[in-house]
Amino acid sequence: MDYNHQNHDSKQLTLKIHPKILSSKLSFNEKLILGLHYTFNKKNGYTVLSLSKMGLMFGLHPNVVSYCRKQLIHDGYIEKQGRKYILTDRYRKFETNDKREIFIPYQIYSDKNLTAGAKLLWGEYNSISGSVKQYFASRQYTANRLNASVESITNWTKLLNDNKLLKLYKHNIGYCKSQKVVVTISFN
């Protein structure tokens, strides 16, 4: 499948996802939606996006977005004040030693061919590689960072590669070691 990544408007919002949100036990869709609230919290302190607008942003059905947002409100991660949705400090209670935020550009989080986990994984790979350096952390480390299974990391990496979102994806095999090396593509 040949996918044209240069087709999108380059002035779209880039999501920031805090490391505590990334490693939480939330669902992957909830992590993306909470990441959107985190991003808007840094910009103007609140979000007023409708369910359909958020659904279009993430390539999700508005009912999925509604369920996730209701769950995040119920669990105390965001509060509703009139039309505004405001991020609370509850996400800071998650335990993690990592301090590295990930950034997910519009071309990735709006891609309907990708699952929420694959979108987060692309952000993780890009946070180290920056489309230049090689990401070679173990699948177990990456799985722990995203609070996912090792098998999911493998499946999502293949999905990213099949959708031509990785510039480099190779398997280095040597004496007593085997590692996958990944470099993400760049969006100018």
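**Exercise 1. In which helix does Leu-121 lie, and is Leu-121 buried or exposed?**

The model is predicted: local features need pLDDT of at least 70, side-chain atom pairs count only at pLDDT 80 or more, and totals for chains, interfaces and linings use all residues. Residues are numbered from 1 along each chain as its sequence is written, and side-chain values use heavy atoms, with hydrogens and water left out.

Step 1. Leu-121 lies in helix α6. Helices are DSSP runs (H or I, at least four residues), numbered from the N terminus.

Step 2. The relative accessible area of Leu-121 is 0%, so Leu-121 is buried (under 20% is buried, over 50% exposed, in between partly exposed; 1.4 Å probe, protein chains only).

Step 3. Leaving aside neighbours within four places in sequence, Leu-121 is in contact with Thr-142, Leu-146, Ile-153, Trp-156, Thr-157 and Leu-160. Contact means heavy atoms within 4.5 Å.

**Exercise 2. Describe how α6 and α8 pack.**

Step 1. The axes of helix α6 (residues 116–129) and helix α8 (residues 150–162) come within 9 Å and cross at roughly 80°. Axes are lines fitted to C-alpha atoms, for helices over the stretch in contact, and angles run from 0 to 180 degrees between N-to-C directions.

Step 2. The two helices, α6 and α8, are therefore roughly perpendicular (65 to 115 degrees).

Step 3. From α6, Gly-117, Ala-118, Leu-121, Trp-122 and Tyr-125 meet Ile-153, Trp-156, Thr-157, Leu-159 and Leu-160 of α8.

Step 4. This contact of α6 with α8 has 8 nonpolar, 2 polar and no charged residues. Ala, Val, Leu, Ile, Met, Phe, Trp, Tyr, Cys and Pro count as nonpolar, Asp, Glu, Lys and Arg as charged, and the others, Gly among them, as polar.

**Exercise 3. Describe the packing of α2 against α3 and against α4.**

Step 1. Helix α2 (residues 28–43) packs on helix α3 (residues 51–58) at an angle of about 110°, with axes 12 Å apart. Therefore α2 and α3 are roughly perpendicular to each other.

Step 2. Leu-32, Ile-33, Leu-36 and His-37 of α2 meet Met-54, Met-57 and Phe-58 of α3. The contact of α2 with α3 comprises 6 nonpolar, 1 polar and no charged residues.

Step 3. With helix α4 (residues 62–74), the axis of α2 comes within 10 Å and crosses at roughly 70°. So α2 and α4 are also roughly perpendicular to each other.

Step 4. Asn-29, Glu-30, Ile-33, Leu-34 and His-37 of α2 make this contact with Val-64, Val-65, Cys-68, Arg-69, Gln-71 and Leu-72 of α4. By class, the contact of α2 with α4 has 6 nonpolar, 3 polar and 2 charged residues.

Technical notes. Parallel < 35°, antiparallel > 145°, perpendicular 65-115°, else oblique.
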